[in-house]
Amino acid sequence: MTDTNVPTRVFPRARQDAETANAGLHTPQTENPSFRLAFQDMDFLLREDLRPVRFQLELLKPELILKEANIASTFVFYGSARIPEPAKAEAQLAAVKANPANSEQAIRIAEGLAAKSKYYEVARSLARKVSQFPADAEGNRQFVVCSGGGPSIMEAANRGAADAGQESIGLNIVLPHEQAPNPYVTPHLSMQFHYFALRKMHFLLHARALAAFPGGFGTFDELFELLTLIQTGKIKPIPVLLFGKEFWTRVVNFEALVEEGVIGPNDLKLFTFVETADEAWDVVQAFYREPAV
């Protein structure tokens, strides 16, 4: 028996059954929700009891998408959703100053955001630079830009990759107010999460460098989780770049944490203060450069 034609599968694919399930059947039994295929039953999938399954799905789907896109590693960008690009920041500042009803505090906040708007261009420049890192011998892509998919600093990161003609990732999260992906995220790499925990995990699973720009609670949450993971040895160290030393040392007294004994002096080496895209990229390259033989 030399001429054989053994089929690769004998069961129909799930998609086939999904398309034919209940076709033309209209009886009290078939129209009851209990008759639906489990994976087509949204009421069933959204039950409280199914949370562990939804966790699995939210862990698996992005991983498969990145694998199919040959993405081996990412360069993650964290930062505020409230820091606009310079032109918009100046326009907002002018509008605030022109309104006599605004308080001095409102003006100071607008001035602060305008001053920090320079980081929009810095993030865009860094993303443009790292996006051009070549794929490895197997065609796996390295340092693919990954952001939270939203506006401001996140938009700048995806925009920088687009400037270089490269794809980039956006990991959006469902929020009470609408948060559409910024227009520079590559559509097939634009993902949405229900669980913050799973989203944060996907930020770091493939991260081989991370840039943290000035930001608020979300930026702090994500950044300090990463620092904790490195500090406790749960993950190997990666370059952690804090843009804007003046901002970070004003809002977080790192030295005081050492003086209080709640972190060690070596914990201050887990991150590096930088100001420019070139400086940041030099730090990353030095981190991964093999020692001279």
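Let me start with a term: rings of Phe, Tyr and Trp (its six-membered ring) pair if their centres lie within 6.5 Å, and planes under 30 degrees apart count as stacked, over 60 as edge-to-face and the rest as tilted. By that rule, the structure holds 18 aromatic pairs.

Before I go on, some housekeeping. What you have on screen is a predicted model, where local features need pLDDT of at least 70 and side-chain atom pairs count only at pLDDT 80 or more, while totals for chains, interfaces and linings use all residues. Residues are numbered from 1 along each chain as its sequence is written, and side-chain values use heavy atoms, with hydrogens and water left out.

Back to the rings, then. A pair of aromatic rings is described by the distance of the centres and the angle of the planes. Take F133 and W281: their ring centres are 6.1 Å apart and the planes sit at 85 degrees, so this pair is edge-to-face. F133 is in the loop between α6 (118–130) and β2 (144–147), and W281 is in helix α12 (residues 277–288), so the pair ties together parts that are 148 residues apart in sequence. When I say helix or strand, I mean DSSP runs numbered from the N terminus: helices are H or I with at least four residues, strands are E with at least two.

W281 is buried, at a relative accessible area of 10%, and F133 counts as partly exposed at 35%. Both belong to one aromatic cluster, whose members include F75, Y119, F213 and Y288.

Which residues of α6 are buried? They are Y119, Y120, V122, A123, R124, L126, A127 and V130.

Side chains of opposite charge can pair when their charged atoms come close. For us, a salt bridge is a side-chain nitrogen of Lys or Arg within 4 Å of a carboxyl oxygen of Asp or Glu, and a search of the whole structure finds 16 of them.

R124 meets D163 in one of these, at 2.6 Å from N to O. D163 lies in helix α7 (residues 153–163) and R124 in helix α6, so this pair ties together parts that are 39 residues apart in sequence. R124 is buried, with a relative accessible area of 16%, whereas D163 is partly exposed at 35%. The two are also part of a network of salt bridges that links E121, R124, R128 and D163.

D278 forms a salt bridge with K129, with the closest N and O atoms 2.8 Å apart. That joins distant parts of the chain, since D278 is in helix α12 and K129 in helix α6, 149 residues apart. Both ends are partly exposed: D278 has a relative accessible area of 47%, and K129 has 28%.

On to helix α5 (residues 104–116). Its 13 residues should span 18 Å, and its end C-alpha atoms are 18 Å apart, which agrees. The buried residues here are A110, G112 and A114, and what covers them includes α4 (86–98) and α6, where contact means heavy atoms within 4.5 Å.

An α-helix has 3.6 residues a turn, so residues three or four places apart point the same way.

One last stop, in helix α8 (residues 196–205), where M201 lies. M201 is partly exposed, with a relative accessible area of 41%.

Finally, find P187 in the loop between β3 (169–173) and β4 (190–193). P187 is exposed, at 70% relative accessible area, and although P187 and A197 are 10 residues apart in sequence, they are 23 Å apart in space, C-alpha to C-alpha. Thanks, everyone!

Notes. Buried < 20%, exposed > 50% of the residue type's maximum accessible area, 1.4 Å probe, protein only. Expected span 1.5 Å × (residues − 1).
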